Amino acid sequence: MNKINNHLSYKMEGDKSTDNSDDYYKNVKLVGFVKTDSETLSGYKNDGFQWSSADNLSSYPSSYDRENDIISSSKVLGGDTTVPVYPDSVNRCCTRKVLYKRLPILQWLPKYTVGEHGISDLVAGVTVGLTVIPQAIAFANVAGLPPQIGLYSSFMACFVYTIFGSCKDPALGPTAIMAIMTRENIHDMGPEFAILLCFITGIVQLIMGFAQLGFLIDFISGPVSAGFTSAAAIVIATSQLKDLLGINIKANSFIGFWDQLAMHIREISVGDGTLGITCMIVLLLLRKMKDIQIGPLDAKDKTTGQRMVSSIIWLISTARNIIVVVFCAALGYMYKEHGNLPFKLSSHVESGLPSFRPPPFESRVGNETYNFVEMASKLGSGILVVPLLSILENISLAKFFSDGKTVDATQEMLALGACNLISSFVGSMPISGALSRGAVNNASGVKTTFGGVYTGIIVIIALQFFTPYLVYIPKAALAAVIIAAVVFMVELQVVKPMWRTKKIDLIPAFATFLCSLLIRLEVGIVVGIAINVIILLYTLARPSIHVEKQKSEFGYEYLVITPDRSLVFPSVEYVRAVVSKAGLKQGLSSIPVVMDCRHIQGADFTAAKGVKSLIDDFVRRSQPLVFYNVKPSVISIFQGVRPTEFNCCVTEQQLHERLKGYYYSRMQTLTL
């Protein structure tokens, strides 16, 4: 180091001390050296110590590894540039903290125990597995796909999310929202289009995750989400009525379905209708059964028998779907064996596991062959809307069961993207976390994401050994399962709170609901977001401005005008008009006007031009205008357009002195 004749500066992160022996200085992280002849190098903030060639670096704090932290002289003499000790850009991506954040399994797996975690995860995983099987078959029907597609969508994501998922409760697989969005975007083109949509959904979600575009979800407000979910629930329930009632209807819209139903009302099957409605009533009763209270409210005060009965009731209520489906399948088997079938059964389900292969980038529908570009074009807006809704659904679920903990939206996007991407290789349609299965997972006491492994194994066993028996499940029973699930997605309960808090929120909510119901689901959510943005821009362009006349201790009057937010180009003309009008009417074109800028955190060029015009208005009528509590950054913006005069006061004392000066000058003018 003695060969260096120039000064060496080091850049450091953390707290600094001018005393090398100070312990306070040991928390500083050495980042790099700069070779320079001057105090500061151009373009480089040199806020550390300066060493000359005579300086002794051996007294550098012993807490540093000198070989790693202090560069050699040969590295310094290579040129007049900053020589980083640590390649920060690489370090940030390769630290243990980032690795644990992007692979959450590394955090909990070393601490995993059978007693504390394993049993709970096993119970939750098996329970969710028994729940997802009937749902998967039914959701495939909602999407207009073969029933095995629903099962193919239900196991691979469970394994992938175990590794990448940051929340323990989401049970990934087909959902009602994803099913109806798939149906609306593949346009009855077949499973290949649904699988490709799943692949594209995964790619888009991964891109959003890497680019940290999670903020886009914030543009889907609560009212828009409620309107969309409610409309989707009604559309899904409506699409299942044909199977519930045993009639053949083909309609592509909500209104079209009811029109067709009125025309085919006489064709309702008594057997299907009776079975479907009975199943729906039983499912709703079983759902309510878990609320039955056995013994004291406090679990600690219950006897062993009471706890056991409560657990059995909860298990029956939770597994209601599989209980109803298995019972109806047995009923269907008996009727089919005797050759007297009063209701329709499900279509054939291909047995065995799907082969692991890339999603189809080419498809033949009828006599026409579609390449990848044509298939993606056919999917239309779905390649953006479906990924967004999938993320929204999963993050909402994660937040719902987070118990106040922060949800890493970026990691959830990456995990969900990986799940969709890899699931597309086994013939899956787009997937997300389902609220119903998440509730089952949470209530079952799941401890980690490893519960998904057991769920995936249950689905694989069903695919391998039980698919021949799935053909006996009545369509009416599956329709009842779906309707009983989605009927609780209609969020009527949010209307009253919206009315009490902010009535204008009802506009995007009802607009989203009606457009989703009467046109298309993705149109509804786009309309809702657009209305929200318009309301947001209107609020931005029309800030609240408080005008108050005050009197000082010396007896002179002045007008205080306080805008409630920053000045930006949509609002500046409105603010200018209000301030000017207040100065004329309430200020009588003579008394001083004080513009209190305490809430103005920023401004832009258009705002500065507007303020210049406002100052010119007051100068022309010789009415004092004073700016008070202005941030230094805002002052520099206002002064950048060179206004005629810019009167600014920082303290209250300065303000009163300035106002007193105005009144003194005015009194002198009147005296003369």
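**Figure 1. The largest pocket of the predicted model.** The largest pocket in this predicted model has a volume of about 1,200 Å³. Its lining is made up of 43 residues. Lying nearest the centre of the largest pocket are Ala-434, Leu-435, Ser-436, Phe-488 and Met-489. Sorted by class, this lining comprises 25 nonpolar, twelve polar and six charged residues.

**Figure 2. The second largest pocket and the helices around it.** A volume of about 1,000 Å³ is computed for the second largest pocket. Of the 38 residues that line the second largest pocket, Asn-141, Gly-144, Arg-183, Asp-188 and Lys-242 lie nearest its centre. At least two lining residues come from each of helix H6 (114–142), helix H9 (176–186), helix H11, helix H12 (254–263), helix H21 (475–486) and helix H23 (506–518). Helix H11 provides the largest share of this lining, with six residues. The lining of the second largest pocket contains 16 nonpolar, 13 polar and nine charged residues.

**Figure 3. The largest cavity.** Three cavities of 30 Å³ or more are present in the structure. The largest cavity has a volume of about 110 Å³, and 17 residues line it. Pro-170, Ala-171, Asn-441, Gly-451 and Gly-452 are the lining residues closest to the centre of the largest cavity. Helix H6, helix H8 (156–164) and helix H20 (451–466) are the elements that give two or more residues to this lining. The largest share, four residues, belongs to helix H8. By class, the lining of the largest cavity divides into eight nonpolar residues, eight polar residues and one charged residue.

Figure 4. In soluble globular proteins, nonpolar side chains tend to be buried together. The largest nonpolar core of the model has 112 residues, among which Leu-151, Met-181, Leu-389, Met-429 and Val-486 touch the most other members. Helix H11 (residues 222–245) gives the most to this core, contributing eleven residues. With neighbours within four places in sequence left aside, Val-486 is in contact with Ala-176, Ala-233, Ile-236 and Ala-237. A second, separate core has 39 residues, including Leu-559, Leu-567, Ala-603 and Phe-618.

**Figure 5. Thr-238 in helix H11.** Thr-238 lies in helix H11. Is this residue, Thr-238, buried or exposed? Thr-238 is buried, because its relative accessible area is 5%, under the 20% limit for a buried residue. Apart from its neighbours within four places in sequence, Thr-238 is in contact with Phe-254, Phe-257 and Trp-258. Thr-238 and Ile-483 are 245 residues apart in sequence, and their C-alpha atoms are 8.5 Å apart in space.

Figure 6. A disulfide is a covalent bond between the sulfur atoms of two cysteines. The structure holds zero disulfides. For Cys-279, the nearest cysteine sulfur is that of Cys-328, 3.4 Å away; Cys-279 is in no disulfide, since a disulfide requires sulfur atoms within 2.5 Å. Cys-279 is buried, with a relative accessible area of 4%. The sulfur of Cys-649 has its closest cysteine sulfur in Cys-648, at 6.6 Å, which is too far for a bond. Cys-649 also counts as buried, at 1% relative accessibility.

Note on methods. Residues are numbered from 1 along each chain as its sequence is written. This is a predicted model: local features need pLDDT of at least 70, side-chain atom pairs count only at pLDDT 80 or more; totals for chains, interfaces and linings use all residues. Side-chain values use heavy atoms; hydrogens and water are left out. A nonpolar core is a set of buried Ala, Val, Leu, Ile, Met, Phe, Trp, Tyr and Cys residues joined through side-chain atoms within 4.5 Å. Buried means under 20% relative accessible area, exposed over 50%, partly exposed in between (1.4 Å probe, protein chains only). Contact means heavy atoms within 4.5 Å. On a 1 Å grid over the protein atoms alone, a cavity is a set of points where a 1.4 Å probe fits but cannot get out, and a pocket is an open set with protein on both sides within 12 Å along at least five of seven lines; lining residues have an atom within 4 Å of a point. Grid points are joined across faces, edges and corners, and a volume is the space filled by probe spheres set on the points. Ala, Val, Leu, Ile, Met, Phe, Trp, Tyr, Cys and Pro count as nonpolar, Asp, Glu, Lys and Arg as charged, and the others, Gly among them, as polar.
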